[in-house]
Amino acid sequence: MHTLEQLCSGELKGIKRLTLSAELSHFPEEIFELADSLEILDLSNNRLSSLPEDISRLGKLKIAFFSNNLLTEVPSVFRECKELYMLGFKANAIETFDEDILPLGLSWLILTDNRIKILPKSIGRLHRLQKCALAGNQIRVIPKEIGECKNLELLRLSANEIEVIPESLLRLPKLSWLAFSGNPCSGYKDVSLPKTAYDDLEVQELLGSGASGEIYKGYSRSLDKEVAVKLFKAEVTSDGYARDEMNAYMSTGEHAHLIKVLAKIDEEGRLGLLLELIPPSFRSLGFPPDFDTCTRDTFAQGREFSAQAVYKVAKAILSASAHLHAKGLMHGDLYAHNILVDEAHHCYLGDFGAASLYEAGNALYEKIEVRAFGCLIDDLLGLCHEKEDALYTRLEAIRSLCMKETIEERPLFSEIVL
């Protein structure tokens with residue numbers, strides 16, 4: 001984090017990344033003095049209601065964030081920013097999104113938690129767009145032109161007012177991670193699950209945190225056992241509403257590679273789940289994507305997998321995914337960073353924050369997630385050096401089949417043989 005004093009004094013000249021949160025109501029002109037070097041600009045958590053018309057003077061700008069400001073429209077000032085590929089306006093007060101205002105080189109767009117009602121048809125001109133977050137708006141209609149975004153891989157549409165997802169979207173050749181819960185077009189199941197009182201729990205150390213909440217180690221007096229306690233945040237996240245995630249968890253049913261749901265916490269001001277406590281020997285298989293990989297997971301430096309390890313993980317996740325889709329449940333975030341694995345490569349698929357219920361038997365939704373499964377295998381094979389192994393060859397063939405760009409040519413999970 002930088003200060004306004006540092007910026008104004010010239011101390012920051014030559015920096016590539018500027019992060020400035022100082023209750024700003026106007027864009028500091030001194031930022032333009034960094035034009036020769038500035039690549040990442042983060043002015044989140046300020047009070048900006050407009051941006052300068054000549055912001056394209058920042059000729060090297062690649063990434064720009066303006067989360068938690070007071071903007072009421074998607075600014076048109078970035079149209080001539082030729083190097084810009086990532087743009088974020090999370091949690092503003094944006095209502096207006098005009099036609100033809102974004103740079104055509106954009107690959108990552110974040111508009112989560114605003115008030116947008118209408119998406120421009122020109123979104124279809126963003127042919128390089130790979131990742132788009134639109135959860136928590138008031139969108140009713142997805143323009144069919146989005147079917148022209150042939151590189152779109154991850155799309156978040158949860159917590160809107162969408163009645164129909166156009167088939168042109170569902171047939172996008174690279175779409176792999178889709179979330180659409182909390183819309184009229186998404187399904188809902190009334191799942192019976194025992195309730196437990198928060199006061200029945202001894203909440204202990206934090207085990208992990210994510211966009212939708214925190215997971216703690218705990219002890220349930222009524223169950224007389226150690227448990228994991230997931231406590232949800234109240235606000236809309238990049239994946240949607242907490243209650244939709246809770247409903248998805250409760251809809252999973254029991255499976256050897258899914259974390260068992262034991263009970264729910266549903267009290268005024270507190271929403272949560274009791275989950276089976278996984279031994280501490282389990283760790284995340286990977287890490288989330290970064291600025292460079294955009295939609296693909298990252299892994300620890302030097303991480304390697306044997307062909308047998310990739311096979312064991314793939315077989316387990318295939319089984320879990322077939323189980324979920326038989327129930328009309330799309331995970332939406334089928335990634336290595338949402339898989340817990342131990343040294344023997346036993347694993348669990350977790351984190352249902354992006355999960356969506358749909359009418360079981362709709363092959364298009366399932367085949368979108370089949371491509372995500374192919375990407376998972378692709379990522380793991382990229383860290384496997386046993387390329388002469390018969391298992392490697394077999395996994396490579398399945399990877400290619402799952403990632404076919406013509407959606408009809410992909411198998412269903414139940415048709416994949418490992």
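Q: What does A91 touch, leaving out residues up to four places away in sequence?
A: This is a predicted model, so take it as such. In it, A91 touches N68, N69, T112, D113 and N114, once residues up to four places away in sequence are set aside.

Q: And where does A91 sit?
A: A91 is in the loop between β4 and β5.

Q: Is A91 buried or exposed?
A: Buried, because its relative accessible area is 17% and the cut-off for buried is under 20%.

Q: How far is A91 from V227?
A: In space they are 34 Å apart, C-alpha to C-alpha, and in sequence 136 residues apart.

Q: You listed D113 as a contact of A91. Which loop is D113 in?
A: D113 belongs to the loop between β5 (108-110) and β6 (131-133).

Q: What's up with the phi of D113?
A: D113 has a positive phi of about 60 degrees, and D113 is not a glycine. Most residues other than glycine have a negative phi.

Q: Let's switch to V74. Where is V74?
A: V74 lies in the loop between β3 (63-65) and β4 (86-88). V74 counts as buried, at 4% relative accessibility.

Q: What does V74 touch, not counting residues up to four places away in sequence?
A: With those left out, V74 touches F89, I94, T96, F97, I101, L102 and L111.

Q: And how far apart are V74 and V261?
A: C-alpha to C-alpha, V74 and V261 are 41 Å apart in space, and 187 residues separate them in sequence.

Q: OK, serines now. Where's S37?
A: S37 is in the loop between β1 (17-19) and β2 (40-42). S37 is buried, with a relative accessible area of 13%.

Q: Which backbone oxygen does the side chain of S37 reach?
A: That of G14, at 3.4 Å. G14 is also among the residues that S37 touches, together with I15, K16 and K60, not counting residues up to four places away in sequence.

Q: And S181, where is that?
A: S181 is in the loop between β8 (177-179) and β9 (201-209). S181 counts as buried, at 5% relative accessibility.

Q: Which residues is S181 in contact with, leaving aside neighbours within four places in sequence?
A: S181 is in contact with S158, A159, S186, D239, D244, A355 and S356. One of these, D244, is a buried residue of α3.

Q: Tell me about α3, then. How many of its residues are buried?
A: Nine of the 10 residues of α3 (242-251) are buried. Among them are A242, M246, Y249 and M250.

Q: What covers the buried residues of α3?
A: The cover includes β11 (225-232), β12 (261-267), β13 (270-276), β15 (329-330) and β18 (356-357).

Q: What comes just after α3?
A: G253 does, and G253 takes a positive phi of about 70 degrees.

Q: Zooming out, how many helices and strands are in the protein chain?
A: The protein chain has six helices and 18 strands.

Q: How does the radius of gyration of the protein chain fit a compact globule?
A: It agrees: the chain has 22 Å, and a compact globule of 418 residues would be near 22 Å. The C-alpha trace spans about 60 × 55 × 45 Å along its principal axes.

Q: What share of the residues is buried?
A: 56% of the 418 residues in the protein chain.

Q: And the contacts, what share comes from residues 24 or more positions apart?
A: Those account for 49% of the contacts in the protein chain with a separation of 6 or more.

Q: What about the accessible surface?
A: The accessible surface of the protein chain is about 18,400 Å², with 48% belonging to carbon and sulfur atoms.

Q: Last one, how many charges are there and how far apart are their mean positions?
A: The protein chain has 46 positive and 63 negative charges, and their mean positions are 3 Å apart.

Technical notes. Residues numbered from 1 in each chain as written. Predicted model: local features only at pLDDT ≥ 70, side-chain atom pairs only at ≥ 80, totals over all residues. Heavy atoms only, no water. Helix = DSSP H or I, 4+ residues; strand = E, 2+ residues; numbered from the N terminus. Rg over C-alpha atoms; globule rule 2.2 N^0.38 Å. Buried < 20%, exposed > 50% of the residue type's maximum accessible area, 1.4 Å probe, protein only. Contact = heavy atoms within 4.5 Å. Areas by Shrake-Rupley, 256 points an atom, 1.4 Å probe, with all protein chains shown as cover. Lys, Arg positive; Asp, Glu negative; His and termini not counted. Charge placed at Lys NZ, Arg CZ, Asp CG, Glu CD. Polar contact = N/O pair within 3.5 Å; in protein donor to acceptor, adjacent residues only side chain to side chain.
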